[in-house]
Amino acid sequence: MKRIILTLVLSVVLPCVQAQSISGPPFIAVHGQAKTEVVPDIFPLEITLSETSKETAKTQALIEGLAKQVVDLTQSMQMASRDVTVSNLDVSPEYRYNDRDDTETFLGNTYKRDIKLRFHSLADLQKMISSLPQAKQVRLNTGSFATSEAEGLRRQLLSQAVEDARNTAEIMAKSVGKRIGTVHNISNQGFNVRYVTSGDDSTTLDRVSVTGTRLRGLTGDVVLREGSIQLDQNVYVIYTLVD
């Protein structure tokens with residue numbers, strides 16, 4: 001069984017890696033990196049309204065009433081419609097299984113709505129959390145803070161990482177009395193280079209990461225910290241070496 005599992009894992013991992021053999025002229029493989037930190041301007045909040053009961057009309061009215069209160073709050077805060085997503089009402093039966101006699105007991109139906117909000121300031125996120133209905137049917141989760149400039153910054157960082165790799169290659173080539181020639185390969189996903197005459201060498205990829213600060217407490221004042229977001233981009237370049 002262990003051998004079968006290992007084979008399956010390898011079949012998933014190997015397609016993500018570019019493996020190649022290089023022979024002929026000497027070459028140099030370098031890693032370039034660029035990083036930056038930015039202040040987040042996207043602060044998400046996911047609100048789950050859920051209750052399980054056999055009292056159909058009463059429970060549905062409770063969840064719908066809570067949903068209306070949340071929507072009314074978004075309107076009072078003048079949130080844009082694109083920053084407010086309200087799911088349809090989900091109703092599903094709930095059972096408890098008894099192992100001893102292999103029976104199921106019907107507990108009622110679970111009525112559920114998900115509301116996803118996106119704020120553009122930490123103060124607005126804090127205001128919403130503080131204003132939400134205080135009920136056991138209300139569950140909150142703040143996602144990772146983000147930046148609306150992520151895509152543009154990623155492209156800039158990629159260009160800077162390529163330049164960083166080239167500078168490194170030039171310094172290394174000069175130190176051995178060579179110059180860098182043409183680009184044999186370039187990737188932002190890493191690659192394994194198999195030296196034809198000297199074994200294997202592997203590199204791994206550090207992907208672009210965007211992280212923020214999550215909600216830490218719901219009793220009393222809400223503890224939130226804006227923090228900063230680090231974005232980084234990596235490239236791997238193989239140059240030929242010339243005299």
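Biologist: Why is Phe106 called partly exposed?

Modeller: In this predicted model, Phe106 has a relative accessibility of 34%; buried means under 20% and exposed means over 50%, so Phe106, at 34%, counts as partly exposed.

Biologist: What makes Phe43 and Phe145 an aromatic pair, and why is the pair called edge-to-face?

Modeller: There are two aromatic pairs in the structure. In the pair of Phe43 and Phe145 the ring centres are 4.8 Å apart, with 75° between the planes; rings pair if their centres lie within 6.5 Å, and planes over 60 degrees apart count as edge-to-face, so this pair is edge-to-face. Phe43 belongs to strand S3, whereas Phe145 lies in the loop between S7 and helix H4 (150-175), so the pair ties together parts that are 102 residues apart in sequence. Both Phe43 and Phe145 are buried.

Biologist: Why is the pair of Tyr95 and Phe106 called tilted?

Modeller: For Tyr95 and Phe106 the distance is 5.5 Å centre to centre and the angle between the planes is 55°; planes under 30 degrees apart would count as stacked and over 60 as edge-to-face, so the pair, with its 55°, is tilted. Tyr95 sits in strand S5 (residues 90-98) and Phe106 in strand S6, so this pair ties together parts that are 11 residues apart in sequence.

Biologist: How do you know that the span of helix H2 is close to what is expected?

Modeller: Helix H2 covers residues 56-76, which is 21 residues, and reaches 30 Å from its first C-alpha to its last; at 1.5 Å a residue, 30 Å is also the expected value.

Biologist: How do you know that the buried residues of H2 line one face of the helix?

Modeller: The buried residues of H2 are Thr59, Ile63, Leu66, Ala67, Val70, Leu73 and Thr74. Seen down the axis of H2, these residues fall within an arc of 115°, so they line one face. The face turned away from this buried side carries the exposed residues Ala57, Lys58, Lys68, Gln75 and Ser76. The partners against which the buried residues of H2 pack include strand S3 (43-53), strand S6 (103-119) and helix H3 (122-131).

Biologist: What makes one side of H3 the buried side?

Modeller: In H3 the buried residues are Leu122, Leu125, Met128 and Ile129. Viewed along the axis of H3, they fall within an arc of 125°, so they line one face of the helix. Ala123 and Ser130, on the other side of H3, are exposed. The buried residues of H3 pack against S3, H2, S6 and S7.

Biologist: Which residues have the most contacts inside the largest nonpolar core?

Modeller: That core has 23 residues, and those with the most contacts inside it are Leu45, Ile47, Leu49, Phe119, Leu125 and Met128. The elements giving two or more residues to this core are S3, H2, S6 and H3, and the largest share, five residues, comes from H2. A second, separate core of 18 residues includes Ala34, Ala173, Leu231 and Tyr239.

Biologist: Why does Ser53 count as buried?

Modeller: Ser53, in strand S3, has a relative accessibility of 15%; since buried means under 20%, Ser53 counts as buried. Leaving aside residues up to four places away in sequence, Ser53 touches Thr59, Leu107, Gly108, Asn109 and Tyr111.

Biologist: Why is Gln78 called exposed?

Modeller: The relative accessible area of Gln78 is 73%, and because exposed means over 50%, Gln78 is exposed. Gln78 lies in the loop between H2 and S4, and its phi is near 55°, a positive value in a residue other than glycine.

Biologist: What makes Asp102 count as exposed?

Modeller: Asp102 has 56% relative accessibility; the cut-off for exposed is over 50%, so Asp102 counts as exposed. Asp102 is found in the loop between S5 and S6, and has a positive phi of about 55° although it is not a glycine.

Notes: Residues are numbered from 1 along each chain as its sequence is written. This is a predicted model: local features need pLDDT of at least 70, side-chain atom pairs count only at pLDDT 80 or more; totals for chains, interfaces and linings use all residues. Side-chain values use heavy atoms; hydrogens and water are left out. Helices (H or I, at least four residues) and strands (E, at least two) are DSSP runs, numbered from the N terminus. The expected span of a helix is 1.5 Å times one less than its number of residues. Buried means under 20% relative accessible area, exposed over 50%, partly exposed in between (1.4 Å probe, protein chains only). The arc is that of the directions from the helix axis to the C-beta atoms. Contact means heavy atoms within 4.5 Å. Rings of Phe, Tyr and Trp (its six-membered ring) pair if their centres lie within 6.5 Å; planes under 30 degrees apart count as stacked, over 60 as edge-to-face and the rest as tilted. A nonpolar core is a set of buried Ala, Val, Leu, Ile, Met, Phe, Trp, Tyr and Cys residues joined through side-chain atoms within 4.5 Å.
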